[in-house]
Amino acid sequence: MDTQQEISLLEKEVGSLLFTEAEIKAKVEELGRTITQDFKHIATTEKPLIIVGVLKGVLIFLADLMRELDLPVELYFVDVSSGGNQVGGRRYSELSTRMGEAIQDRHVLFVEDIVDEGLTLSYITRMLWQKNPTSVSVCTLLSKEAKRIMDIDIRYIGFHIDPVYVIGYGLDYKEQFRNLRYISVLKADEE
Ligand code: PRP
């Protein structure tokens, strides 16, 4: 895509700015400090904190958050699959055998970019608990409480947002805009 095409696509789809790059950075650093504090006497090199993310939206937040954790950590992903179980219109792969074994008797931090209805979170945490972890804590950058249909417990929340469609910093619209450094409302959702 040339620069002109890129600009017109951005103008067409990107609505009002919700969080700047600096605001996101400050929030990620704050979350990182809090999580480090909470797990510093728990996570060890023998038993690192297990971090689990669901692809793909969490990728950017997770990459930044991990680097704010002054703790031993191990990283695993749950992928979207064409098979697997259907949850709210998506299908997720089963947890890999290696991941299942790694979780046993360990503290797990499940990280999300956004919790909307809560279906994904509810489903994945249930799958994680089946592997007998010591604990499962949840961290999400964004939380849309107004859309929630599941009763779920989120330990760490970056920002509470209104029920609008948001893009950027990993979040997509038709698979695009994940690479924006900021978070905006999708223009179509403002009209
Ligand atoms: C988003 C987000 C969460 C899920 C939350 O993923 O990353 O995993 O939706 O929605 P829920 O609370 O209503 O279940 P999405 O399906 O957009 O896929 P992506 O991460 O690949 O963009």
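Helices (H or I, at least four residues) and strands (E, at least two) are DSSP runs, numbered from the N terminus. Phe 110 lies in one of these strands, β6. This is a predicted model: local features need pLDDT of at least 70, side-chain atom pairs count only at pLDDT 80 or more, and totals for chains, interfaces and linings use all residues. Residues are numbered from 1 along each chain as its sequence is written, and side-chain values use heavy atoms, with hydrogens and water left out. The ligand sits in the largest pocket.

**The ligand and its pocket**

- On a 1 Å grid over the protein atoms alone, a pocket is an open set of points with protein on both sides within 12 Å along at least five of seven lines, where a cavity is a set of points where a 1.4 Å probe fits but cannot get out; lining residues have an atom within 4 Å of a point.
- A molecule sits in a cavity or pocket if more than half of its atoms lie within 2 Å of its grid points.
- The elements that give two or more residues to the shell around the ligand are β6 (107-115) and α5 (119-129).
- The biggest share comes from β6, which gives four residues, the most of any element.

**Residues around the ligand**

- There are 15 residues around the ligand, and those that come nearest are Gly 57, Arg 90, Asp 113, Gly 118 and Thr 120.
- A residue counts as near a molecule or strand if one of its heavy atoms lies within 4 Å of it.
- By type, the shell has four nonpolar, three polar and eight charged residues.
- Here Ala, Val, Leu, Ile, Met, Phe, Trp, Tyr, Cys and Pro count as nonpolar, Asp, Glu, Lys and Arg as charged, and the others, Gly among them, as polar.

**Backbone atoms beside the ligand**

- A polar contact is a pair of N or O atoms within 3.5 Å; within protein, one must be able to donate a hydrogen and the other to accept it, and residues adjacent in sequence count only if both atoms are side-chain atoms.
- Asp 116 has a backbone N or O atom 2.8 Å from an oxygen atom of the ligand.
- For a backbone N or O atom of Lys 56, the distance to a ligand oxygen atom is 3.0 Å.
- For a backbone N or O atom of Leu 119, it is 3.4 Å.
- The ligand has 500 Å² of accessible area on its own, and the protein covers 86% of it.
- Accessible areas come from the Shrake-Rupley method with a 1.4 Å probe; for residues, only the protein chains shown count as cover.

**Lys 56 and its cis bond**

- Lys 56 is in the loop between β2 (49-54) and α3 (59-66).
- A cis peptide bond joins Leu 55 to Lys 56, with omega about 5 degrees.
- Most residues other than glycine have a negative phi, and most peptide bonds are trans.
- Lys 56 is partly exposed, at 48% relative accessible area.
- Buried means under 20% relative accessible area, exposed over 50%, and partly exposed in between (1.4 Å probe, protein chains only).
- Leu 171 is 115 residues from Lys 56 in sequence, yet their C-alpha atoms are 8.4 Å apart.

**Positive phi values**

- Asp 105 is not a glycine, but its phi is positive, near 60 degrees.
- Asp 105 is in the loop between α4 (97-103) and β6, and is partly exposed at 47%.
- Phe 177 also has a positive phi, about 75 degrees, without being a glycine.
- Phe 177 is in the loop between β9 (166-167) and β10 (183-186), and is buried at 8%.

**Buried residues and pairs**

- Eight of the 11 residues of α5 are buried, among them Thr 120, Tyr 123 and Ile 124.
- Phe 110 is buried, with a relative accessible area of 0%.
- Phe 110 and Ile 124 are 14 residues apart in sequence, and 8.6 Å apart in space from C-alpha to C-alpha.
- Ser 135 lies in strand β7 (residues 135-143) and is buried at 17%.
- The side chains of Ser 135 and His 107 are joined by a polar contact of 2.6 Å.
- Glu 29, in helix α2 (residues 21-39), is partly exposed at 24%.
- Glu 29 and Glu 68 are 39 residues apart in sequence and 6.0 Å apart in space, C-alpha to C-alpha.
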